[in-house]
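Student: Hi! Could you walk me through this one?
Tutor: Happy to, let's have a look together.

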Amino acid sequence: MCVLIVRYGPLWLAVASSVTMLAGLGWEWRQARGLTLRWVPGQGNGWQCRRERGWQPVVVSCIYLGPFLAGLDVAGRRHWLWVDSVEQGQRWHLRRLLLWSE
């Protein structure tokens, strides 16, 4: 959109939209946090997420599971994983956990 505004719009609108876009991208980048999950088997089985205070139990549900991409709802927030970046055996185990842990 900014490219179209720069090309066909007035200069003030091009500058304003570019600054707004850069500010929004910067805010999103600062808000992004790494996500570390683990599955704990046994009596207290379930998903846990690493937080500042250590490992905390979280509710994880799979909203999409494709051959290359997995969509997870982790405690109400959506996260997308590229599952094709792990080796085949680990990918198989991850897919089984996501399908069977609900």
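Student: What share of the chain's contacts between residues at least 6 apart in sequence join residues at least 24 apart?
Tutor: That share is 20%, where contact means heavy atoms within 4.5 Å. This is a predicted model, where local features need pLDDT of at least 70 and side-chain atom pairs count only at pLDDT 80 or more, while totals for chains, interfaces and linings use all residues. Residues are numbered from 1 along each chain as its sequence is written, and side-chain values use heavy atoms, leaving out hydrogens and water.

Student: Ok, and how far does the C-alpha trace span along its principal axes?
Tutor: About 65 × 35 × 20 Å.

Student: Is Gln48 buried or exposed?
Tutor: Gln48 counts as buried because its relative accessibility is 16%. Buried means under 20% relative accessible area, exposed over 50%, and partly exposed in between (1.4 Å probe, protein chains only).

Student: Which side chain does the side chain of Gln48 make a polar contact with?
Tutor: That of Arg38, at 2.7 Å. A polar contact is a pair of N or O atoms within 3.5 Å; within protein, one must be able to donate a hydrogen and the other to accept it, and residues adjacent in sequence count only if both atoms are side-chain atoms.

Student: What else is Gln48 in contact with, leaving aside neighbours within four places in sequence?
Tutor: Besides Arg38, the list includes Thr36, Leu37, Trp55 and Pro57.

Student: New topic: is Met1 buried or exposed?
Tutor: Met1 has 73% relative accessibility, so Met1 counts as exposed.
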